[in-house]
Amino acid sequence: MTKQTRLEDIPFAETLAEEPAAPRLRDLFSQQEAEREAARLHWFVHVKDGVLNPLFHHSLKLCPPAFASAFGNLLVPVMRWSYRDKLFPQRISRNFETLTVNRWNTDTGRKAGLKRWWHNIGRTMSEFCLVNKLWKSARIEVEGLEHLKAAQAKGAPVIFTSMHLGTWEALFVAIHEGLAGPSIGPFQPEPNRFKNRIVHAIRKERNQYLFPPGQRSAYRLHRLMNNGQYSMTIFVDEVRDKQVHLPSFGRPLPKKGNATVAVKIANSCGGTIIPTYLVRLGPARFRMVLLPPLQRPEETTGYDLQETIRAMNDVFEPIVLEHIEEWYMLGELRLPRKFAQSAYAKALSEKNQVRKW
C-alpha cells in the first residue's frame, strides 16, 4: 500500500521560489544589452527593493488595516510617476479602454475608472503586509457559503478556482484559515527574489503550503490532494508564455496552464470545482463570493477538460469585466492587434452601450 503524502512530511522550505543564479558583476558593462539589463536588475533594482520592501512591509504590518490601506492609496501618484517611462502602464491603459469601450459617456469617466484601477493596486500592495489579519479581524465577509457546504457534504476534496481580484492573497487566507483548511495550491513567483522571500514569510506565518511552478510541485499537489485531507486554491488567470489566457475575451481557450491543472486534479481525487472570487468593499474590507460548483455531466464521471475550462471562462469572464477596476492581471494581458475589430469586441461594445455602467 502506497504511503499517503502529508504536509507534515514536506519541508516548508520547498514552498520558497527557486532563486536564479546571480549574474556576473562584470555583466554590468557587457556589450550585450540583455546581459547588462539582467545584471542591473539583480545588483541594483532588486537590491534596492530588498532594502525598502522589508522596511515598508514590517512597518505597515504593525498598523491598523484601514490605515495601511489608506497609506497605499496615498502612494499611487508617486507610483504612477515612477512608472511613467515603462511600457506596461501604456498596456494597462490600452486594455482598460478596449475592455470598457462605451461603458462611460465621457473620456473623463473612463479616466476616473482607470484611476480607480491604480488606486486599488496601491491599496492591495499595502494590504498584503497585513493580509494574515484580515480573516481574524472579520474584514472578509462570505457570500454563497451554502455552495461550499453542499460540496463538502459529498466527502470529496474541494478545488477553488479564482481570479486576481481585489487583494487576492486574502482569498488564500479566508479559505485556509476559515472555510476549508488546510488549503494548498500553486503560486506564480515574482521576478524579484526579495519579494518572494517576503511572500514566503507571510505564508509561513499562517502555515500555508503554496508551491512554486515545477514538476516536483505538481507531483506534491497530486499526492496531497489524493489523500483527501486538503482543499486546493488555484488562480486560473496566471501568466504563461507572457500572456494571460483566461478570461479568453474571445480568444481560443487554453489547453494547458492552471485551469487544466485544476480539472486534472479534480478528476484525480474525485473533487468538486468551486469558482470563487474576492471584491473590495472598502479599505481592507472584502466580500468573498462562492459560486455554485461546476457540474460534471454525471456524478460518476470526471470533468470533461475543455468543456470545464469553457465553463470556468463563462463564469469568470463577466465577473472580471464587471470588476475590471480591481483585476490585477490587466497589465499582463496582451490582446491581439486587431482585437477592436473582432466580433467579440463589437458585441462587448454594444453590451456596454446598452448597460452604461
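Me: By definition, a salt bridge places a side-chain nitrogen of Lys or Arg within 4 Å of a carboxyl oxygen of Asp or Glu. What is the N to O distance at which the side chains of R280 and E127 meet in a salt bridge?

Reply: This is a predicted model, in which local features need pLDDT of at least 70, side-chain atom pairs count only at pLDDT 80 or more, and totals for chains, interfaces and linings use all residues. Residues are numbered from 1 along each chain as its sequence is written, and side-chain values use heavy atoms, with hydrogens and water left out. For the salt bridge between R280 and E127, the N to O distance is 2.7 Å.

Me: How many residues apart in sequence are the parts that R280 and E127 tie together?

Reply: R280 lies in strand β6 (residues 272-282), and E127 lies in helix α5 (residues 107-127). Helices (H or I, at least four residues) and strands (E, at least two) are DSSP runs, numbered from the N terminus. The pair therefore ties together parts whose separation in sequence is 153 residues.

Me: Is E14 buried or exposed?

Reply: E14 forms a salt bridge with R216, the closest N and O atoms being 3.9 Å apart. Buried means under 20% relative accessible area, exposed over 50%, and partly exposed in between (1.4 Å probe, protein chains only). R216, at 53%, counts as exposed. Because its relative accessibility is 14%, E14 counts as buried.

Me: How many salt bridges does a search of the whole structure find?

Reply: One of the salt bridges joins R6 to E8, with the closest N and O atoms 3.7 Å apart. The search covers the whole structure, and the number of salt bridges found is 20.
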